[in-house]
Amino acid sequence: MRYLTTAEVAERNRTAESTVRYWRHIGKGPRGIKVGKRVLYPEAELLRYERTLIDGQEEWGLAS
């Protein structure tokens, strides 16, 4: 399984790393796992999260 860093998730979503950290803080966005001091995101989780946005199951995300 491939894991992405916060920086890689930010780049993938064309946003700042601080935004990805904020999403995690408020309980939105893809779920990450803490490994030591780092947070890593399984690629499968990113795909799942993107699918929820596309399907409209999340109240924010893609613009209409």
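Tutor: A residue is called buried when its relative accessible area is under 20%, with exposed meaning over 50% and partly exposed the range in between. Please keep in mind that this is a predicted model.

Student: What share of the residues in the protein is buried?

Tutor: The cut-off for buried is under 20% relative accessible area. Out of the 64 residues in the protein, the share that is buried comes to 28%.

Student: In what pattern do the helices and strands follow one another along the sequence?

Tutor: The secondary structure of the protein consists of 3 helices and 3 strands. Read along the sequence, these elements follow the pattern β-α-α-β-β-α.

Student: Is M1 buried or exposed?

Tutor: M1 is found in the segment before strand 1 (3–4), and together with Y3, I33 and V35 it forms a nonpolar patch on the surface, with about 410 Å² of accessible area together. Because the relative accessibility of M1 is 74%, and the threshold is over 50%, M1 counts as exposed.

Student: What distance separates the C-alpha atoms of A44 and Y3?

Tutor: A44 lies in helix 3 (residues 43–54) and, at 47% relative accessibility, counts as partly exposed. Although A44 and Y3 are 41 residues apart along the chain, their C-alpha atoms are separated by 8.7 Å.

Note on methods: Residues are numbered from 1 along each chain as its sequence is written. This is a predicted model: local features need pLDDT of at least 70, side-chain atom pairs count only at pLDDT 80 or more; totals for chains, interfaces and linings use all residues. Side-chain values use heavy atoms; hydrogens and water are left out. Patches are made of residues with over 30% relative accessible area and no salt bridge: like charges are joined within 9 Å, nonpolar side chains (Val, Leu, Ile, Met, Phe, Trp, Tyr) within 5 Å. Accessible areas come from the Shrake-Rupley method with a 1.4 Å probe; for residues, only the protein chains shown count as cover. A salt bridge is a side-chain nitrogen of Lys or Arg within 4 Å of a carboxyl oxygen of Asp or Glu. Helices (H or I, at least four residues) and strands (E, at least two) are DSSP runs, numbered from the N terminus. Buried means under 20% relative accessible area, exposed over 50%, partly exposed in between (1.4 Å probe, protein chains only).
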